[in-house]
Amino acid sequence: MTARPLVDRKIIEALLGTEMGKTEDRRLLLVNARYEEAAPREFTARIGGRARQVRVIDEDSVLGIVDAWQRHRAEPGSDRLLVVASGVSVNQLGWDLRAYAVGRRSLTVDRAEIVKQLFGAAELDARMYRETWLLDALLDAEPGDGWPRGEALLTRDTAVRSLVRVRLGLGPGGPGDPLDLDVSVLLAWSRTIGGPARFAELAAAERAGITGWLTEIVGAAAPALLALVADGRGQDAMALGVLGAALSAPGAPAGASFALGGLFGGSAFRAHQDLQPFADAVTGTLARWIAEAESHTVQGAEAGQRVHAVLERADRLAEETDLLRVLRTDSLLPSGFRARLRDLAAALDDSSRAAEAALGQVVLHQLASLHPESCDSARMAVRLLRWLDEPLPPVESVARAVGDQVGQWGWVDRALTVLSSGDPIGDPVVGQAYYRLIGTVRERRASLDGQFARRLAAWTTTASQLAPGGALLIEDVLARLVVPLAAQAPPLVLVLDGMSAAVAAQLGDEIDRKVWTEVVPAPTAGVGAHRAAAVSMLPSVTTISRASLLTGEAKSGGQNVETAGFAAFWQRHRRTGRLFHKGRIGGAEGHRLAPALLEELAGDGVVGVVLNTIDDALDHGQEGARTTWRLRDVSHLLDLLNAARGYGRPVVLVADHGHVLDRSTPDDGPDRGTEQGPNRGPVKVRGAGSARWRTQSEGTGRDGVAGDGEVELSGPRVLAGGGTVVAPWREDIRYTPRRAGYHGGASLAEVTVPVLVFVPAQELLPEGWVVLPSERTVPGWWQGRQERTETSASAASSASEARTESGGRQPRPARRVPRQEGEGLFGTGDLTPVPAGATAPAPASAVATEGQRVVASARYKAQKSFVRRPPEGKVVAAVIDALAAASGRLTPDAVAAVATDVGGRSQRNAEVFVTVLQRLLNVEGYAVINLIDAGRTVELNVPLLKEQFGTEQP
C-alpha cells in the first residue's frame with residue numbers, strides 16, 4: 001500500500017485554488033493524504049476571488065467521514081468548506097456523499113500538477129519532477145499575489161529564480177535582481193539580515209537544493225558562503241573570506257590551516273576544505289568595491305562604507321583569534337595598512353632609501369586609494385627626508401634665495417604644510433615620527449631664513465629699481481615679464497593676494513599642460529630655465545607690495561591707487577589696462593563673471609584681476625586647516641582661466657607677497673606671555689604695525705632694536721616706519737592675536753613673490769622666451785624611484801644612500817652643473833641639480849651612452865637619410881638618454897627642452913619635433929618612440945630601441 005503524502009495548509013490552499021474554480025458551490029473536499037499535525041485546522045483562504053472559511057479533519061473510516069459531513073451540513077448559514085484528509089478509497093463511499101465532493105472523487109496530491117496550475121503553465125521542466133524539494137518549496141513559498149504566470153513551459157531555472165526571490169529576498173526590493181545574480185550580489189546579500197535568516201530556517205533539503213543551483217549560477221564560491229549563512233554567520237562571511245584569503249595564500253605562516261579551522265568552525269570548514277574559490281570571490285568583490293569607492297560619487301561612498309565595514313570586522317575577528325600578529329602587514333586588512341605606516345615611521349629614523357622602500361609598501365596596500373590623505377602625508381615625509389639628504393648651499397644673495405624659494409624651498413614648505421596636519425588615521429607612533437621629522441626640517445629651514453634675513457638687511461639698504469642688485473623687484477614684474485607678453489597678445493594678470501611659493505607650486509601642478517604651456521625668459525648660460533621669483537616691498541604687506549606690483553613703482557596705497565596706477569602704467573606703454581577688484585569680478589545670478597570684466601577680456605587691453613581668497617583664508621582661519629590649494633579653491637580662478645583661453649590671452653599668476661602659517665597649538669591664547677619661541681603667544685611690543693613688523697619705538701620691551709629672530713630693515717624699499725622697520729624672520733614670532741597665518745615679516749616665504757606665466761598656444765611665445773616643461777618645475781628630491789615608476793614622471797634625484805656605519809646619513813651628491821656667480825635676475829644658488837629630463841655633459845673618458853650608441857649605429861645613419869633636415873646627433877642622443885633616465889616617459893615640452901639644452905635649434909612646436917624623432921627611430925613602423933595619453937606623453941620603448949639599432953650590450 002502506497003504511503004499517503006503529508007500535506008499542510010499551503011497544499012490544501014493550492015488544491016482549493018486549482019479545483020474550486022470549476023465548482024465553487026461545493027463545500028466538501030476529499031484528499032487522499034495525511035494532514036500535518038502542527039498545521040492549523042481552521043483558517044481563511046481566498047478562493048475564486050472571495051474569502052472562505054476552511055476546516056480540515058483527518059478521518060480514516062467511512063462512517064466517520066459521513067458523520068463529519070452530516071454535522072458540517074447541519075451548521076446553519078455556514079459557507080465553510082470541509083476538507084477531509086483520508087486514506088479511505090473513494091469506492092467505499094456512497095454516491096450520495098461523493099455527489100457533494102469537489103470533483104466527485106477523492107483528490108490525489110500531485111505537486112507537479114499544482115505547481116503548473118499556480119504558474120499557469122501547460123508543461124513542466126522534466127527535471128522538476130525529480131526534485132521534490134523544489135516542488136514542495138514552490139507550494140510552501142507561494143507569495144500572496146501568486147507566482148508569475150504566462151509561460152507555457154515552466155523551466156527549472158525560472159522556478160528557482162522565483163523561489164530565491166521570495167525565500168532569500170534576492171530581487172525587487174532586495175540587494176540584486178535574480179536575472180543578474182553574480183557572486184558580488186550574493187556576497188552583498190549575505191551582509192543583510194532578513195534573507196540570510198530566512199535561508200537558515202529552511203529545511204535541509206531546500207537549503208541544499210538552492211545551494212546547488214546558486215553554485216551553478218555564481219560559481220564555486222556559493223557553497224562555502226551559504227554554509228556560513230546556514231550557520232548564522234552570514235554577517236561575518238565576507239570578513240572570514242578576507243582572513244581565509246590571507247591564511248590560504250602562498251607563503252602563509254605556519255599553523256594557518258589550524259587557524260582556518262578555528263575561524264570557520266567545524267561543519268562549514270569540514271564540508272568545504274578548499275575555501276580558495278570563496279576567498280578569491282571575496283577579495284575580488286572587495287577590489288571592485290574599492291575601485292567603485294574611488295569614483296567620489298554617492299554610490300562610491302556607499303561602496304567605501306561596505307569595504308570599511310567588512311575589513312574592520314575582519315580585523316576584529318583576527319584580533320579575537322590572535323591572528324593580528326601573523327597578518328601584521330596584510331595587503332588588504334586595515335591593520336596591515338596601519339602596520340605599513342608604522343614601518344614607514346620607523347624607517348624615517350633610518351634612511352631615505354629605507355623610507356622610500358617602506359613608502360612603496362604603503363602605496364601598494366589595497367586600501368591606499370581609500371586613504372589618499374594618509375598616503376599623501378607619507379609621501380611628503382619621504383620627500384622631506386630626501387631633501388634633508390641634499391647638500392645645502394649657503395644663501396649667498398637675495399636673488400638666488402628667492403629663486404631657490406620658488407624652485408626648491410617652497411616645495412619644502414608645501415610638504416611641511418601637509419605633514420604638519422598629521423596622519424588622518426591618527427596613529428600615535430606615526431604622529432610622533434612625523435613630529436620628529438618636522439622638527440628637523442624646521443630647524444634646517446630656519447637656518448635658511450636666518451641667512452636670508454642677514455642678506456636681505458644688507459641688500460635693502462641700497463636696493464631700488466635703479467640698483468636691484470641682480471634681483472627681480474616686485475615693482476618691475478610688469479615691465480620685465482608682462483610687457484613682453486603683451487607684444488604677442490594682451491595678457492590677463494591674476495594677482496593672488498598672499499600666494500606663497502608653496503601655494504604657487506600646488507596651483508602650478510593643477511594647470512592642464514595640454515591646454516596651457518608654461519613659458520619663462522630664456523636662461524643665461526649655465527643656468528637652467530625655471531620660474532621667475534621677485535622680491536616684495538618691505539614690510540611684505542598688501543598695501544605696500546600690491547600697490548608697487550600694479551603701479552610699476554615703489555608705492556603704498558589701496559584699491560584706488562592700484563586701479564589708477566595700473567591704467568597709468570599701461571598708458572606709458574601705449575596700451576590700455578583695466579584692473580578689477582573683489583566686488584567687480586563675479587557676475588549676477590546665472591552668470592559666472594561680471595559683464596564688464598568679460599567685455600574687457602574680449603577687447604585688446606591688458607586686464608588685471610585681484611583675487612583675495614588666499615589672504616582672506618589667512619584672516620578668517622581657513623588656511624590653518626588647509627593642506628592643499630587647488631584651482632577650484634580660489635574663487636573665480638578657473639572661470640578666469642577658461643575665459644582667458646577662450647579669448648587667446650596669456651595668463652600671469654603673480655603674488656603680492658607670501659605668508660607663513662600659524663604653528664602654535666590650539667590652546668595658545670593672545671595673552672600667553674612675551675617670550676619668543678614655538679607655541680608661544682604674541683610678543684608684547686609697542687609700535688606693532690601688523691602681526692609681523694614693528695617700528696623701533698623707544699621704551700619697548702625689546703629696547704626698540706631687533707631681537708632674537710628679528711632683523712632691522714631700512715632703505716628705499718622700506719615704505720613704512722619712516723624707512724626703518726623691525727621684522728621677524730622666525731615663523732613663531734607675531735605681535736598680534738592669533739590667526740591662521742601672517743605676512744609682513746622677513747622670512748623667505750613672505751618676501752618671495754612667485755610668478756607663473758602660461759600661454760594658450762606656443763605661437764604666443766615672446767621673443768627670447770622658452771617653454772618650461774612641467775618636469776623642470778619640480779625639484780629633483782621631490783620624486784624618488786618608486787614615484788617615478790608610478791607616475792611615469794621624469795628622472796629625479798635618487799634616494800640617499802643607507803646610513804653609514806657610524807649611524808649618520810651619507811648623502812649621495814646630486815649631478816650639478818656650474819652656474820653664474822653673483823647676483824642674477826633668475827639665480828637660485830651657486831650650484832643647481834640638472835633639471836629633470838636634461839643631460840649633464842659627459843666626461844671625455846665616459847663610456848658611450850645609449851643615445852650615443854644609437855646615433856653612431858649604421859641603422860641610424862640609414863634612417864637619417866630619409867629625414868629632411870634631421871636634428872643633430874647630439875640632440876637625438878640627449879633625448880634618448882633623458883627618456884631612458886625617466887623610465888621611458890617625458891612630456892613633449894620636456895623632450896623639446898632637452899634638445900634646446902644641448903645646443904639644438906629652439907623647438908617651438910614640441911609635437912612636430914617628436915614627429916621627426918619618430919621618423920628617425922621607428923624603423924619599419926615599429927613603435928620605438930610614440931606619443932601616448934592623447935599626446936600628453938612621449939614614450940620610448942628602450943628594449944625595442946636596442947633591438948632595432950643593435951646596441952644591446954653583452
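This is a predicted model: local features need pLDDT of at least 70, side-chain atom pairs count only at pLDDT 80 or more; totals for chains, interfaces and linings use all residues.
Tyr 100, by contrast, is partly exposed, with a relative accessible area of 34%. These two residues form one of the eight aromatic pairs that the structure holds. Their ring centres are 5.2 Å apart and their planes meet at 45°, so the pair is described as tilted.

Where do Trp 69 and Tyr 100 lie along the chain? Trp 69 belongs to helix 2 (residues 62-74), whereas Tyr 100 is found in the loop between helix 3 (95-98) and strand 7 (101-108), so the pair ties together parts that are 31 residues apart in sequence.

## Other aromatic rings

A pair of aromatic rings is described by the distance of the centres and the angle of the planes. For Phe 566 and Trp 570, the distance is 6.4 Å centre to centre and the angle between the planes is 70°, and this aromatic pair is edge-to-face. Both residues lie in helix 24 (residues 559-572), where they are four residues apart, or about one turn of the helix. An α-helix has 3.6 residues a turn, so residues three or four places apart point the same way. Are Phe 566 and Trp 570 buried or exposed? Both of them are buried.

Elsewhere, ring pairs link three tryptophans, Trp 411, Trp 781 and Trp 782, into a cluster. Rings also have charged groups placed over them: the charged end of Arg 98 sits over the ring of Trp 95, at 3.6 Å from its centre, and Arg 444 lies over the face of Trp 387, with 4.6 Å to the ring centre.

## An enclosed space

Rolling a probe the size of a water molecule over the atoms shows where empty space is left. In this structure there are four cavities of 30 Å³ or more, and the second largest cavity contains about 50 Å³ of space.

Which residues line the second largest cavity? The lining is made up of Leu 30, Val 31, Ile 65, Val 84, Ser 86, Val 88, Leu 93 and Ser 106.

Three strands form an open sheet in the order 27-29-28, and their pairing is antiparallel. Strand 27 (889-890) and strand 28 (929-932) stand at the edges, each with a single partner strand, so one side of each is left without a neighbour in the sheet. Between strand 27 and strand 29 (residues 937-940), the antiparallel pairing runs over two bridges, and Leu 890 stands opposite Val 938 in strand 29.

Helix 33 spans residues 892-901 and is mostly covered, since eight of its 10 residues are buried. The buried residues in helix 33 are Pro 892, Asp 893, Ala 894, Val 895, Ala 896, Ala 897, Val 898 and Ala 899.

Ala 479 has its place in helix 21 (residues 477-486). With a relative accessibility of 33%, Ala 479 counts as partly exposed, because that class lies between the buried limit of 20% and the exposed limit of 50%. How many residues apart in sequence are Ala 479 and Gly 552? They are 73 residues apart in sequence, while in space the distance from C-alpha to C-alpha is 7.2 Å.

Key. Residues are numbered from 1 along each chain as its sequence is written. Side-chain values use heavy atoms; hydrogens and water are left out. Rings of Phe, Tyr and Trp (its six-membered ring) pair if their centres lie within 6.5 Å; planes under 30 degrees apart count as stacked, over 60 as edge-to-face and the rest as tilted. Buried means under 20% relative accessible area, exposed over 50%, partly exposed in between (1.4 Å probe, protein chains only). A charge sits over a ring if NZ of Lys or CZ of Arg is within 6 Å of the ring centre and within 35 degrees of the ring normal. On a 1 Å grid over the protein atoms alone, a cavity is a set of points where a 1.4 Å probe fits but cannot get out, and a pocket is an open set with protein on both sides within 12 Å along at least five of seven lines; lining residues have an atom within 4 Å of a point. Grid points are joined across faces, edges and corners, and a volume is the space filled by probe spheres set on the points. Two strands pair if DSSP finds at least two bridges between them.
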